[in-house]
Amino acid sequence: MNEIRWPPELRDESLDELLWSARELLEDDTYPTVRRWRGSGGPVVGHFQVYFPEEIAHAAGALPFRMRGAPVEPLQADSRFGSYLCSILKTSLEIALTGRVELDLFVTHPICDAARNLAGIFGRNFEYPCQILYLPQNANSVHAPVYLRGEYDRLRRTVEEATGRAVTDDALRASIRVYNRNRELLRELYALKRDEPWKVSADEAYVLMAMGGMVRREEHNLVLQRALPLLRDRDVPRPDRIRVVFEGGFCEQPPLDLIRAVARSCYVVDDDLLIGMRWILHDVPTDGDPLEALARAYLEDSSYSPVQHDDRKKKEEMLVARIRGARAEAAIVTAAKMCEPGLEEQVAYTRALDDEKVPFFVSEFEENMTSFDHLEIQLETFVENLMFD
Amino acid sequence: MSTTTDIVGRGNAEGARLFKEWFGELGEAADQGRGAAYVFVMGSLAELLRCFDMPVVFPEINSLQTAVRHVAHDYLNEAEDYGYSPDICGYVKADVAAQLRGGTLPMGRIPRPSIAVYTNACNTYIKWAEIWERMYDCPIVTLDVPGSRQEGLRPGPGDPDFENDRRYVLGQLKELIPLLERTSGVPFDIDRLRETLGWANEAATGWKRVLELNRSTPSVFNALTDGTIYLGVANCLRGTPQGARYFEELVEEMELKSAEGIGTLTDELYRLLFVGVPCYPIFRRFGELFTEWGGTFVHSTYLWFASGGAHEGHQYDLSRPLESLAEGLLLGVRDAMDSMFFQTDPLLRMFHDYSADGVVFHPIKSCRTVSTGLADNRRAIMARDDVPSLFIESDMMDRRVVSEAQLKNRIDAFFEGLASRRSKAGASTA
């Protein structure tokens, strides 16, 4: 097993240093953790947003690398795409085309019409297997868990072939334990955001969470275990800010500066940023068949997003529940530019929020946008209207 | 006895008549306040739905008709005023506006949905159906049909991965039937399914043969223009005796044209393949931009995916109707999806089988399913073979992103290039 630590001196760092390092890692387009892992002989499984059962790749000793776009210009990828497409497709391909990350397997999902095309596009450009993982889209069929268990078994065989390492049930159970711990720590991070939001800003929480997509989860667990007590003990002012839920970051990610801009005027007490990392809500059982446990957790103990239809999780009702659960006073309803599911959901969300009399602020973003002045002024105006209403 | 004059052109005229008749029936259903089954072209399940006496509405076809009739912009504007982004599918928005208008369309009125049944061949189907669910509180059912996982990986019957998919699709069909019974009030009769599957078999056989006959030189129909009419019938009358008869007669027409050398153009100079969705806001003119140069489309991926994979002529086994329907749905929808996501090899085969001179890629703003991979696929095809190609972007609905002058400029340059290649090839063989 590879023994790469990120960063090697992590456990002695102060909170500020730790947050700075996490931010640097997130914005480093050379992907040092992925390079180091691969350089030491570790396989890398790249998976596109939103949810991927990372435990299966992890159990093969691979680094599951979350492909969530990148802060790069898509100079080579642009010629592989037409117009009217979201940015995350292009930058995710760009980091692979330019060799910033080297993969052993790429997996995308039928989350949207564009993302499904990525298996073909990657497959035409790289020698390694590039596949679609068909997560069930009829979540309400009683046959869905059995089907998904079979699909995960197919993925297990693909991972074994790509990495040259067997994925045993015991290895899977061990990986599930690591991820259960990770989910628990992320729940704690989000509880802190919700209960004492002045102690962890939206951008700080984001970098702490997002780096988990670039390191093995054991490492991420170490980071969170160190960061959480330091955050809780933080002696910081408690400015009077409005509590909001940020919705629309399930796939393409808003730039960190945008999240920071939001955090300057609001407490983001809950959000759907990188929701795939928090998709499964509770511990996945580690007794019994691990693939079945993962399949059932995906379908029956999970969050929501615009890219999954499930009669049990009407999305506008879920958003309202998220707002109420976080005691938020308003919502920021965003969508990535050219994101069909996100833009379509905006209509349902805003109508439901109107009905519920929850104030909301609507916007669009692109991962590589660089100017936030206009948005910040609009948001400040929105917040002022609420605070002095 | 039919003469050549009676037969040639019959497919187009009869297609238009059947389409009008079908739309008239939808209008009657709307007037009677009957609910409809809303479906989509890629995996409509019309064969099953017809067993429940439900009018079947194809919103994609309704929407494209607004563009062909030059009124789409009114519908798009209305949906955008309602809140929908300019950057989402124009079909969805035209339908939203039609629903807001009580089902009123330029061709007549459509009934409201009692249920929506759709596959996942296009993700927007799911988002679209969610809109009806919110508007009408009607049941919506995603018939989840897993597609190919990787280019070149197509497991067949007997393979454990295929069998996992097949069990899943069959299981979902069995869950759907009681819901259809409750929604329609009509009990399921397997013999009726056997009957509709039989008609679908006949139509599929004809559809496959019609497509094959366009390998003739000159080509016997234009896949972009005539083909769209045939496609409309293939979808709207799937699983009906009228649909079966239509394709039987269409085969007769095309065989006659092929035998007598009657081409779709008087002077066919260039045989082209079309990849994408047509430019409906200027549909006729779009076709003319090619035919004016003697170019005709001999095949298209549109006739492939928009018929839900029926182009393969899949035959249902009537001795085990439900199981065979599940298998046919799985194979057909997977094939339709392959034509969009993994199209390099089949497109190269099509290029040679149809003696094509070039490929026209037409990605559109509205449809990311079809359009996302086209630029990369074009690169791959050009890297593997000497295939002249044209890449033009516009839309199937939104005239704001259709620039006829720009399209003409690019198309003219493409044909000039084809002419130059031909003249150089002629000089080198002389």
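Visitor: How much area do chain A and chain B bury between them?
Guide: This is a predicted model. The contact takes 55 residues from chain A and 54 residues from chain B. Of the buried area, 47% is on carbon and sulfur atoms. Chain A and chain B bury about 4,700 Å² between them.

Visitor: Which element gives the most to the side of chain A that touches chain B?
Guide: Across the interface, 40 residue pairs are in polar contact. On the chain A side, the elements that give two or more residues are H5, H6, E4, H7, H13 and H14 of chain A. With 8 residues, the element that gives the most is H14(A).

Visitor: How many salt bridges does the rule find across the interface of chain A and chain B?
Guide: Side chains of opposite charge can pair when their charged atoms come close. Asp376(B) and Arg124(A) meet in a salt bridge, N to O at 2.7 Å. Across the interface of chain A and chain B, the rule finds a count of 10.

Visitor: Why do the buried residues of H13(A) line one face of the helix?
Guide: The buried residues of H13(A) are Lys315(A), Glu316(A), Leu319(A), Val320(A), Arg322(A) and Ile323(A). Seen down the axis of H13(A), they line one face because they fall within an arc of 155°.

Visitor: Which element of chain B do the buried residues of H13(A) pack against?
Guide: Within chain A, these residues pack against E5, E6, E7 and H14. Their partner in chain B is helix H7 (123-136).

Visitor: How many residues of H9(A) are buried?
Guide: Helix H9(A) spans residues 202-210 and is mostly covered. Its buried residues pack against H1, H8, H10, H11 and E6 of chain A.

Visitor: Which residue forms a salt bridge with Glu204(A)?
Guide: Glu204(A) lies in helix H9 of chain A, and its partner sits 30 residues apart in the loop between H10 and E5. Both residues of the pair are buried. The N to O distance is 2.9 Å, and the partner is Arg234(A).

Visitor: Is Arg157(A) buried, partly exposed or exposed?
Guide: Arg157(A) forms a salt bridge with Asp153(A), with the closest N and O atoms 3.6 Å apart. Both lie in helix H7 of chain A, 4 residues apart. Buried means under 20% and exposed over 50%. At 36% relative accessibility, Arg157(A) therefore counts as partly exposed.

How values were computed
Residues numbered from 1 in each chain as written. Chains lettered and ligands numbered in written order. Predicted model: local features only at pLDDT ≥ 70, side-chain atom pairs only at ≥ 80, totals over all residues. Heavy atoms only, no water. Buried < 20%, exposed > 50% of the residue type's maximum accessible area, 1.4 Å probe, protein only. Arc of directions from axis to C-beta. Contact = heavy atoms within 4.5 Å. Buried area = accessible area lost by both parts, 1.4 Å probe. Salt bridge = Lys/Arg side-chain N within 4 Å of Asp/Glu carboxyl O. Polar contact = N/O pair within 3.5 Å; in protein donor to acceptor, adjacent residues only side chain to side chain.
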